[in-house]
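Subject: Handing over the structure

Hi,

Here is the structure I promised to pass on to you. Please have a look at it first, and then read my notes below.

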Amino acid sequence: MRCKNLSNISALETLPLEAITISGSPLLTDISALKNKKLKYIFLENIKVNDVSSLAKPELKTLILKSVPITTLKSFENLSINEVDLFDINLAKNDELKSMPLESLSLNFTNIDSIELINTK
């Protein structure tokens, strides 16, 4: 979904989604409609959501966050996420990544300054 005027996704609550892409929707501030989904793939870009913790589920394998104003991935710690792509993300700390069994990692324009903390298999 790439919709610059999108501000409400509540209609998605009834869909049995396993993957979601929301990009270019700077008016979107509430993603609570996704909290009960068993998403395997999440791509969020340029949305104004500062808490994505409700999306942290055991089924999640791919997490892509670009220009999303979050400061923590604590709720994703110890999940079996294989792929993380962070772009323009400023985490307060980055040790949440070291517990993930990563197979793919992309860090662009982040404040992460210590790669040795990251556990890539």
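In these notes, helices (H or I, at least four residues) and strands (E, at least two) are DSSP runs, numbered from the N terminus. Please keep in mind that this is a predicted model, where local features need pLDDT of at least 70, side-chain atom pairs count only at pLDDT 80 or more, and totals for chains, interfaces and linings use all residues. Residues are numbered from 1 along each chain as its sequence is written, and side-chain values use heavy atoms, with hydrogens and water left out.

Two strands are said to pair if DSSP finds at least two bridges between them. Strand 2 and strand 3 run parallel and are joined by five bridges. Across from Leu 63 in strand 3 you will find Ile 42.

Thr 62 also belongs to strand 3. Its relative accessibility is 11%, so Thr 62 counts as buried. The cut-offs are these: buried means under 20% relative accessible area, exposed over 50%, and partly exposed in between (1.4 Å probe, protein chains only). Contact here means heavy atoms within 4.5 Å. Apart from neighbours within four places in sequence, Thr 62 is in contact with Lys 40, Tyr 41, Ile 42, Ile 81 and Glu 83.

**The core**

Next comes the nonpolar core, a set of buried Ala, Val, Leu, Ile, Met, Phe, Trp, Tyr and Cys residues joined through side-chain atoms within 4.5 Å. The largest one has 34 residues, and those that touch the most other members are Ile 9, Ile 31, Leu 44, Leu 55, Leu 73 and Phe 76. At least two residues of this core come from each of strand 1 (19-23), strand 2 (41-45), strand 3 (62-66) and strand 4 (83-87). What does Leu 44 touch, not counting residues up to four places away in sequence? The partners of Leu 44 are Ile 22, Ile 31, Val 52, Leu 55, Ile 64, Leu 65, Lys 66 and Val 68.

**Charged pairs**

How many salt bridges does a search of the whole structure find? It finds three, a salt bridge being a side-chain nitrogen of Lys or Arg within 4 Å of a carboxyl oxygen of Asp or Glu. Side chains of opposite charge can pair when their charged atoms come close.

- Lys 40 pairs with Glu 18, with 3.4 Å between the closest N and O atoms. Lys 40 is in the loop between strand 1 and strand 2 and Glu 18 in the segment before strand 1, so this pair ties together parts that are 22 residues apart in sequence. Lys 40 is partly exposed at 41% relative accessibility, as is Glu 18 at 46%.
- Lys 66 pairs with Asp 85, and here the closest N and O atoms are 3.6 Å apart. Because Lys 66 lies in strand 3 and Asp 85 in strand 4, the pair ties together parts that are 19 residues apart in sequence. Asp 85 is buried, at 13% relative accessible area.
- Lys 74 and Glu 77 meet through their side chains at 2.7 Å, N to O. Lys 74 is partly exposed at 48%, and Glu 77 is partly exposed at 23%.

**Some loop residues**

Glu 96 sits in the loop between strand 4 and strand 5. With a relative accessibility of 2%, Glu 96 counts as buried. Not counting residues up to four places away in sequence, Glu 96 touches Thr 72, Leu 73, Lys 74 and Glu 77.

Most residues other than glycine have a negative phi. Ser 67, in the loop between strand 3 and strand 4, has a positive phi near 55°. Ser 67 is partly exposed, at 24% relative accessibility. Asp 88, in the loop between strand 4 and strand 5, likewise has a positive phi near 55°. Asp 88 is partly exposed at 35% relative accessibility.
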